[in-house]
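Trainee: Please take me through the labels used for this model, one at a time. I would like to see each value set against its cut-off.

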Amino acid sequence: MKYMKALAVVVVLVLFDQWTKALAVQYLMHTDGIQLIPGVFRLFYLENRGSAFGMMQNQKTFFVIFTVIVLVVLALIYRRIPDTKKMFPLKCIGILIYAGAIGNFIDRVRQSYVVDFFYFELIDFPVFNVADIYVTVSAFLLLILVFFYYKDEDFDFILKNRSVG
């Protein structure tokens with residue numbers, strides 16, 4: 001029961017990611033995309049068979065295995081995070097990363113590629129999706145928290161051998 005709220009949030013986030021990808025397929029596939037800010041930002045359909053920035057193309061088996069490992073490790077770490085006000089941001093980050101990983105995992109397993117559709121033309125930034133936003137924003141926030149908010153001893157929960165439940 002303790003983890004039901006987190007699971008519910010993950011489910012909602014994954015459903016939102018999958019819904020936006022379905023919209024991208026429905027409205028952007030086989031088009032030139034939709035200019036939202038001319039020369040700056042557009043919605044553009046792309047089937048990404050690699051990882052971030054298009055690296056490691058067509059490595060589905062690697063990505064599936066890697067994602068399963070990451071999801072298991074994240075779940076184990078999440079279970080060890082104390083239920084304190086100070087650790088609440090860390091729990092939120094864990095939920096966002098988990099949802100992002102599952103969102104792209106679903107695409108890879110179902111169709112061997114991830115649907116991407118946000119494109120910053122101005123800087124020719126790689127096309128990305130909502131799940132990527134979850135992971136990227138979370139990673140950025142995690143760095144800020146690790147460098148400016150948490151202390152080394154705040155992470156002792158990871159190494160402590162204690163009963164969790």
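Mentor: Let's start with Ala6, which lies in helix H1. The model is predicted, so local features need pLDDT of at least 70 and side-chain atom pairs count only at pLDDT 80 or more, while totals for chains, interfaces and linings use all residues. Residues are numbered from 1 along each chain as its sequence is written, and side-chain values use heavy atoms, with hydrogens and water left out.

Trainee: What makes a stretch a helix or a strand here?

Mentor: Both are DSSP runs, numbered from the N terminus: helices are H or I over at least four residues, strands are E over at least two. The chain has five helices and three strands, in the order α-β-β-α-α-β-α-α along the sequence.

Trainee: Why is Ala6 called buried?

Mentor: Buried means under 20% relative accessible area, exposed means over 50%, and partly exposed is in between (1.4 Å probe, protein chains only). Ala6 has 11% relative accessibility, so Ala6 counts as buried. Over the chain of 165 residues, 35% count as buried.

Trainee: Which residues does Ala6 touch, apart from those up to four places away in sequence?

Mentor: Contact means heavy atoms within 4.5 Å, and Ala6 touches Tyr78 and Ile95. Ala6 and Ile95 are 89 residues apart in sequence, yet their C-alpha atoms are 6.6 Å apart in space.

Trainee: Why are H1 and H3 described as oblique?

Mentor: Axes are lines fitted to C-alpha atoms, for helices over the stretch in contact, and angles run from 0 to 180 degrees between N-to-C directions. Angles under 35 degrees count as roughly parallel, over 145 as roughly antiparallel, 65 to 115 as roughly perpendicular and the rest as oblique. The axes of H1 and H3 cross at roughly 45° and come within 9 Å, and H1 and H3 are therefore oblique to each other. Among the residues making this contact are Ala6 and Lys21 of H1 and Ile95 and Asn104 of H3.

Trainee: What about H3 and H4: how are they oriented?

Mentor: H3 and H4 pack at an angle of about 150°, with their axes 8 Å apart. That makes H3 roughly antiparallel to H4. The contact includes Ile93, Leu96, Ile97 and Asn104 of H3, and Asp132, Tyr134 and Ser138 of H4.

Trainee: Which hand does each crossing have?

Mentor: A crossing is left-handed if the near helix is turned anticlockwise from the far one by less than a right angle, and right-handed if clockwise. The crossing of H3 and H4 is left-handed, whereas H1 passes H3 in a right-handed crossing.

Trainee: What does the side chain of Ser138 reach?

Mentor: The side chain of Ser138 reaches the backbone oxygen of Tyr134 at 2.6 Å.

Trainee: And what makes the Asn104–Asn129 pair a polar contact?

Mentor: A polar contact is a pair of N or O atoms within 3.5 Å; within protein, one must be able to donate a hydrogen and the other to accept it, and residues adjacent in sequence count only if both atoms are side-chain atoms. The side chains of Asn104 and Asn129 make such a contact at 3.1 Å. Asn104 is in helix H3, and its relative accessible area of 9% is why Asn104 is called buried.

Trainee: Which residues touch the most other members of the largest nonpolar core?

Mentor: A nonpolar core is a set of buried Ala, Val, Leu, Ile, Met, Phe, Trp, Tyr and Cys residues joined through side-chain atoms within 4.5 Å. Of the 28 residues in the largest one, Phe117 and Phe118 touch the most other members. The largest share, six residues, comes from H1.

Trainee: Last one: why are Ser112 and Asp124 given their exposure labels?

Mentor: Ser112, in the loop between H3 and S3, has a relative accessible area of 34%, so Ser112 is partly exposed. Asp124, in the loop between S3 and H4, has 54%, so Asp124 is exposed. Phi is positive at both non-glycine residues, near 70° for Ser112 and near 50° for Asp124. Most residues other than glycine have a negative phi.
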